[in-house]
Amino acid sequence: MEPISTALAGIALVKGATDAIKSCINTCNDISEIAGYIDNLFEGQAQVNKERNKKSGVGAMDGIGGVATEMIDAKLAQEKLYEVSMLVDLRFGSGTWRSIVEERARRIQAQKERAKQQALEKAAQRKEIFDGLSMLFYLIMGVLVVGLIALVAFKASASIPKMTTCRLAHTEVISKKEVICFYQGANNTQESHTSAMHVGCVRTYRCEYNPKPQGYSLKGTLDSIKDALK
């Protein structure tokens, strides 16, 4: 099974690192010469402990032999670590191993802090990008809304006819009771309507601006109406 192979790899790494350190501890002149083996020793112990912690109890599919092996491997790794610590202190002076352990712990903590800081920076970058996109979205929506309002206002204003002041230009009696009122405004705008004789025609009023082309005269309009009334 995969968990057992992982545990075996871990204890093998511990044993190999311990054997390598024991074979050269008396001839090396500097701790850096066995630094790689020490790293392997710590890594092997970490693998053994990790595998043991993954299975804190015996399940229905776990054999008692596997549990015993994990416990023995963890104990063996601890003993190998202690053995190496004694060898290092004897070779390089008392307290050397403790300094190594403390420095390793400091570096691990520093690495965790860097990872945490990087995660915070990435989160801040994601938030900045999200805020920027949100602002762009709201800006676009604002432009669209303003444009829509302006379009509606333009269409509304376009639908309202332009007005001008029409002034009474002529009256024409068409019967005993009615009279036609003719009005003229800006740019030859012409309007006419009938009114009761007793009411008469107002002098001015606001009419729709409707310019007539050159040559389109009020006299021609009067003549056309007279012809139609004959």
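**View 1. The surface and overall make-up of the predicted model.** This protein, a predicted model, exposes about 16200 Å², and carbon and sulfur atoms supply 59% of that area. Of its 230 residues, 22% are buried. There are five helices and four strands to find here. Walk along from the N terminus and the elements come as α-α-α-α-β-β-β-β-α. As for contacts between residues at least 6 apart in sequence, 52% join residues at least 24 apart.

**View 2. The largest nonpolar core, with 19 residues.** Look for Ile34, Ile38, Leu41 and Trp97, the residues with the most contacts inside this core. Two or more residues each come from helix 1 (2-24), helix 2 (35-54), helix 3 (64-92) and helix 4 (96-159). Zoom in on Trp97 and, leaving aside residues up to four places away in sequence, you'll see it touch Ile38, Leu41, Phe42, Leu81, Val84, Ser85, Val88 and Asp89.

**View 3. A second, separate core.** This one has six residues, including Cys166, Leu168, Val179 and Cys181. Two of those names turn up again in the disulfide views: Cys166 pairs with Cys207, and Cys181 with Cys201.

**View 4. Strand 1 against strand 2.** Residues 163-173 make up strand 1 and residues 178-184 make up strand 2; the two run antiparallel and are joined by six bridges. For one of the pairings, find Glu172 and look over to strand 2, where its bridge partner is Ile180.

**View 5. The disulfide of Cys166 and Cys207.** A search of the whole structure turns up two disulfides, and this is one of them: the sulfur atoms of Cys166 and Cys207 are 1.7 Å apart. The link is right-handed, with 70° about the S-S bond. Cys166 belongs to strand 1 and Cys207 to strand 4, so to speak distant parts of the chain, 41 residues apart. Both Cys166 and Cys207 are buried.

**View 6. The disulfide of Cys181 and Cys201.** Here, too, the S to S distance is 1.7 Å. The torsion about the S-S bond is about -80°, so this disulfide is left-handed. Cys181 lies in strand 2, while Cys201 is in the loop between strand 3 and strand 4, so the pair ties together parts 20 residues apart in sequence. Cys181 is buried, with a relative accessible area of 0%. Number the bonded cysteines in sequence order and the pairing reads 1-4, 2-3.

View 7. Cys24 is in no disulfide, and the nearest cysteine sulfur, that of Cys28, is 5.5 Å away. Cys24 counts as buried at 18% relative accessibility, the limit being under 20%. Cys28 is buried as well, with a relative accessible area of 1%.

Definitions and conventions:
Residues numbered from 1 in each chain as written. Predicted model: local features only at pLDDT ≥ 70, side-chain atom pairs only at ≥ 80, totals over all residues. Heavy atoms only, no water. Pairing = 2+ DSSP bridges. Core = buried A, V, L, I, M, F, W, Y, C linked by side-chain atoms within 4.5 Å. Buried < 20%, exposed > 50% of the residue type's maximum accessible area, 1.4 Å probe, protein only. Contact = heavy atoms within 4.5 Å. Areas by Shrake-Rupley, 256 points an atom, 1.4 Å probe, with all protein chains shown as cover. Disulfide = S-S within 2.5 Å.
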